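Please look over the sequence and the structure shown here before reading on. A short report follows them.

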Amino acid sequence: MSVHLLLSAGRGPQECAWALARLLRRLEADATRQNLETHRAQTIPGDRPDTYRSVLIQISGAGAEAFAASWTGTLCWQAPSPYRAGTGRKNWYVIAQPCQVDTPRTTFEEADVDIVACRTGGPGGQHRNKASTAVRATHRPSGIVVVVDTERQFSLNRRIAMRLLRQRIEDGDETAGRAVTTARWRVHDELVRGNPTRIERPETPKQDLASQEQARRRP
């Protein structure tokens, strides 16, 4: 099982990009404790060192989907700003949403196409009206149908129909791919500040020592 989770600082201030980096490390440590693997598939750095505007992280292993769900929604990193000492704000928000990374490409095989000879009306001479030279081609996996009657020979119409089917399938795959990319970028504008699903804070020195000790004991 593998899930992709997109973390975004949205249009928030630079502290949100700083918070994202801290939340990301917390998420990765949490995943390690649950025997899950993580991979940073894509990162967009922030304006300051060790910050991220967004990160696409892949989570793999048994229970990856449930783990991703526990980190989905508005996340809050609760700590004073490292950049503005005078501000009283301590809550910095990040959004995390599962997302689809790519779409499967449709493999075009002529064996998946049903060809039916048919007649069509309209101009073209008596030969076209008497003989079934037109082609109705149906690509069964996608349901795409084309009808071609531009030529007087069945074989030529069949060849054109195959070419049109292949082109329409490729166009459909490209459209689906663009839709996935658009949906991923839309996440950046969906950040809702307040009412977080998860609040994380920096570890105290005592907690940090306990975490290090736990990591040393882990086989």
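## The model and its elements

This is a predicted model. The secondary structure of the chain comprises 5 helices and 9 strands. Read from the N terminus, the order of these elements is β-α-β-β-α-β-β-β-α-β-β-α-β-α.

## Burial, surface and contacts

The chain has 219 residues, and 34% of them count as buried.

Taking the contacts between residues at least 6 apart, 64% join residues at least 24 apart.

## Strand S3 and its partners

Strand S3 covers residues 52–60 and pairs with strand S1, residues 2–8. The two strands are antiparallel, and 7 bridges link them. Within this pairing, Leu6 has Leu56 of S3 as its bridge partner.

S3 also pairs with strand S2, which spans residues 37–45. This pairing is antiparallel too, with 8 bridges. Here Val55 in S3 stands opposite Thr43.

## The hairpin turn

What do S2 and S3 form, and how many residues are between them? They form a hairpin, with 6 residues between the two strands. Asp50 lies in the turn and has a positive phi of about 60 degrees.

Conventions:
Residues numbered from 1 in each chain as written. Predicted model: local features only at pLDDT ≥ 70, side-chain atom pairs only at ≥ 80, totals over all residues. Heavy atoms only, no water. Helix = DSSP H or I, 4+ residues; strand = E, 2+ residues; numbered from the N terminus. Buried < 20%, exposed > 50% of the residue type's maximum accessible area, 1.4 Å probe, protein only. Contact = heavy atoms within 4.5 Å. Pairing = 2+ DSSP bridges.
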